[in-house]
Amino acid sequence: MSIKIYGASISPYVRKVRMALAVRELDYELIPVIPGGEDQPAEFKANSPLGKIPLAHIDDIFIPDSSVILAYLERARSQNPLLSEDAKLAAKALWYEEYADSQMVSVIAGHLFAEMILAPAFFQRESNQEEIDLAKNEEIPAIFDYLESELQANFLVGDSIGHADVCVGSPFVTMHHCGVQCDASRWPKTAAYIERVTGQAAFAKIIQEEKEMLAAFGVQ
Ligand SMILES: N[C@@H](CCC(=O)N[C@@H](CS)C(=O)NCC(=O)O)C(=O)O
């Protein structure tokens, strides 16, 4: 399989795809694209109708959207599948993907990261502290409450890292970039789960690259 991913890993959707490829042990080329940025490759403009990242080019087709890319990899039966063959387990994992892509990304990337990091470092404006406080004190704790009630084992579905963990793990990397941790005394299962997933050796290079990129913009 020849795979190119267009995007910037700081996007939780791009990271989700990179994490899935890492677990699958599939090589790919990352082609830097910033939404709305200048100098986007012509093939990105032509094949990403919404102008969003990620866009994948796999063999002879272009596939926009992280969920569609992951679904394609599953259906194309590429190595190391992430979704169970069992319909009920697969449905659970797909629900966690939806939860991560909508609720978690909107709170952790859209409220916390956008205000704490993007506003001052990239958009040269003051952070909206109310939005940061709401995310830290109410919205993120609600996510921890939900996951604490769901977690029955080391991973969300099945006994090894899979589709759900890649999707849920990606916004938690964003959370760590903001220096926010999960309090193990209040959410012991969730705190251990977050460390287990984000600490996978397969993700170390992706996370390190992001830290270096953020450091270059003055974010510690
Ligand atoms: N449903 C899409 C969402 C992708 C998305 O919203 N990406 C953001 C970056 S995190 C983007 O490209 N935003 C640019 C825009 O909305 O114009 C997916 O899962 O890939």
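Helices here are DSSP runs of type H or I with at least four residues, numbered from the N terminus, and just after one of them, α8, Gly-218 takes a positive phi of about 85 degrees. The model is a predicted one, and its protein chain is assigned two domains, domain 1 covering 3–75 and domain 2 covering 87–216. The points below take up the ligand shell, the contact between the domains, the packing of helices and some details of the backbone.

**Ligand surroundings**
- The shell around the ligand is made up of Ser-11, Tyr-13, Pro-35, Gly-51, Lys-52, Ile-53, Pro-54, Asp-65, Ser-66, Ser-67 and Asp-101.
- By class, the residues of this shell divide into 4 nonpolar, 4 polar and 3 charged.
- Two members of the shell, Ile-53 and Pro-54, are joined by a cis peptide bond whose omega is near 5 degrees.
- Pro-54 is placed in the loop that runs between α2 (42–47) and β3 (55–58).

**Contact between the domains**
- The C-alpha centres of domain 1 and domain 2 are 20 Å apart, and 12 residues of domain 1 are in contact with 19 residues of domain 2.
- On the side of domain 1 that touches domain 2, α1 (12–24) and α3 (66–75) each supply at least two residues, and the largest share, 8 residues, comes from α1.
- The residues on that side of domain 1 divide into 7 nonpolar, 2 polar and 3 charged.

- Helix α6 (residues 163–177) packs with helix α7 (residues 188–198) at an angle of about 95 degrees, and their axes are 9 Å apart; because angles from 65 to 115 degrees count as roughly perpendicular, α6 is roughly perpendicular to α7.
- In this pairing, Asp-165, Gly-169, Phe-172, Val-173 and His-176 of α6 meet Ile-194, Val-197 and Thr-198 of α7, and the contact has 4 nonpolar, 3 polar and 1 charged residues.
- Helix α5 (residues 129–150) also packs with α7, the two axes coming within 8 Å and crossing at roughly 95 degrees, and α5 and α7 are therefore roughly perpendicular to each other.
- Here the residues that meet are Phe-144, Leu-147 and Glu-148 in α5 and Lys-189, Thr-190 and Tyr-193 in α7, and by class this contact has 3 nonpolar, 1 polar and 2 charged residues.

- Most residues other than glycine have a negative phi, and most peptide bonds are trans.
- Against that background, Glu-25, although it is not a glycine, has a positive phi of about 60 degrees, and this residue is found in the loop between α1 and β2 (29–32).

Notes:
Residues are numbered from 1 along each chain as its sequence is written. This is a predicted model: local features need pLDDT of at least 70, side-chain atom pairs count only at pLDDT 80 or more; totals for chains, interfaces and linings use all residues. A residue is near a molecule or strand if its C-beta atom, placed from the backbone, lies within 6 Å of it. Ala, Val, Leu, Ile, Met, Phe, Trp, Tyr, Cys and Pro count as nonpolar, Asp, Glu, Lys and Arg as charged, and the others, Gly among them, as polar. Domain bounds come from an automatic or database domain assignment. Two residues are in contact if their C-beta atoms, placed from the backbone, lie within 7 Å. Axes are lines fitted to C-alpha atoms, for helices over the stretch in contact, and angles run from 0 to 180 degrees between N-to-C directions. Angles under 35 degrees count as roughly parallel, over 145 as roughly antiparallel, 65 to 115 as roughly perpendicular and the rest as oblique.
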